[in-house]
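Hi everyone, thanks for coming. Please have a look at the structure on the screen, and then I'll walk you through a few of its parts.

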Amino acid sequence: MLSVHPSIFDFLEQLKRNNNRQWFSQNRERHYDIRKLIKTYGKYIEGKLQKSDSIEKLKIFRINNDLRFRKDKTPYKTHFSFFYVRKKPALRGGYYVHIEPGNSFIGVGFWKPEKEDLLRIRLEFEFDADEFRDIISDKIFQNHWGILQGDELLTAPRGFPQDHPNIDLIRKKQFLFRKSFSDEEVLSEQYLDNIVKHYEIIRPFLDYMSSVLTTNTDGESIVPALFILVSD
């Protein structure tokens, strides 16, 4: 059974104490080997997900910080992370994995919805949010993922009544779920398969949001039909 190697935590802990280019240059080969391990874990999870979902790609984030807009000028991240993009246009959302000593977690949801997508979600909640509430209030769902998170407006967005019964959802600017793991859990033999289990449990949320974002307010599909030409 595949499990996360302790050398990853060792590397990140040392990097946190020596977050400079000289140290990193001296440990470049070490980083290269660990990044290969991260890719192996990412591919393992992707293979499991593909059995019940449709993943377009695995994106492994670089360890270099983008310093252009950061006050903190440390050159390197002290974590490894990767992200799965579900296959568009029919499926939306994705899955995120973050590995960091003392701060490992997985996340699912919609971090920065486009303006049009956010309006479409709000219009859906204005019409009816019962199905969405049923999904996120399911006992098994909540035991694994907890409650809906994300930034929200202090009041109703323009064009929506402040006394609407679903205003708590309409005010949302993000729709996120996060699950934290201890270092011991990350290094356990069950960790990678446990991630897959959590992603399978939260899939009804992603499928609901995909359904909303691929239809108009009349429930009609806005996804272009795909034509497959089969030769005789």
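The crossing of helices H5 and H9 is left-handed, a word used if the near helix is turned anticlockwise from the far one by less than a right angle, with right-handed for clockwise. Before I go on, this is a predicted model, where local features need pLDDT of at least 70 and side-chain atom pairs count only at pLDDT 80 or more, while totals for chains, interfaces and linings use all residues. Residues are numbered from 1 along each chain as its sequence is written, and side-chain values use heavy atoms, with hydrogens and water left out.

Back to our two helices. Two packed helices are described by the angle between their axes and the distance between the axes. Here, the axes of H5 (residues 130-137) and H9 (residues 191-213) come within 9 Å and cross at roughly 160°. That makes H5 roughly antiparallel to H9, the term for angles over 145 degrees. Axes are lines fitted to C-alpha atoms, for helices over the stretch in contact, and angles run from 0 to 180 degrees between N-to-C directions. Helices (H or I, at least four residues) and strands (E, at least two) are DSSP runs, numbered from the N terminus.

Which residues meet there? From H5 we have Glu 131, Phe 132 and Ile 135, and from H9 Pro 204, Phe 205, Tyr 208 and Met 209; contact means heavy atoms within 4.5 Å.

Now the sheet. Five strands form an open sheet in the order E1-E2-E3-E4-E5, with antiparallel pairing; two strands pair if DSSP finds at least two bridges between them. E1 (55-60) and E5 (175-181) are at the edges with a single partner strand each, so one side of each has no neighbour in the sheet. On average, neighbouring strands are turned by 15° against each other, direction ignored. Helix H3 (residues 28-49) packs on this sheet, touching E1, E2 (80-86) and E3, and its direction makes about 30° with that of E2.

How many bridges join E3 (residues 94-99) to E4 (residues 104-110)? Four, and the two strands run antiparallel. Tyr 96 stands opposite Gly 107 in E4.

Last, the rings. The structure holds 15 aromatic pairs, meaning rings of Phe, Tyr and Trp (its six-membered ring) with centres within 6.5 Å; planes under 30 degrees apart count as stacked, over 60 as edge-to-face and the rest as tilted. Phe 141 and Phe 177 have ring centres 5.1 Å apart and planes at 80°, so this pair is edge-to-face.

Note on methods
Parallel < 35°, antiparallel > 145°, perpendicular 65-115°, else oblique.
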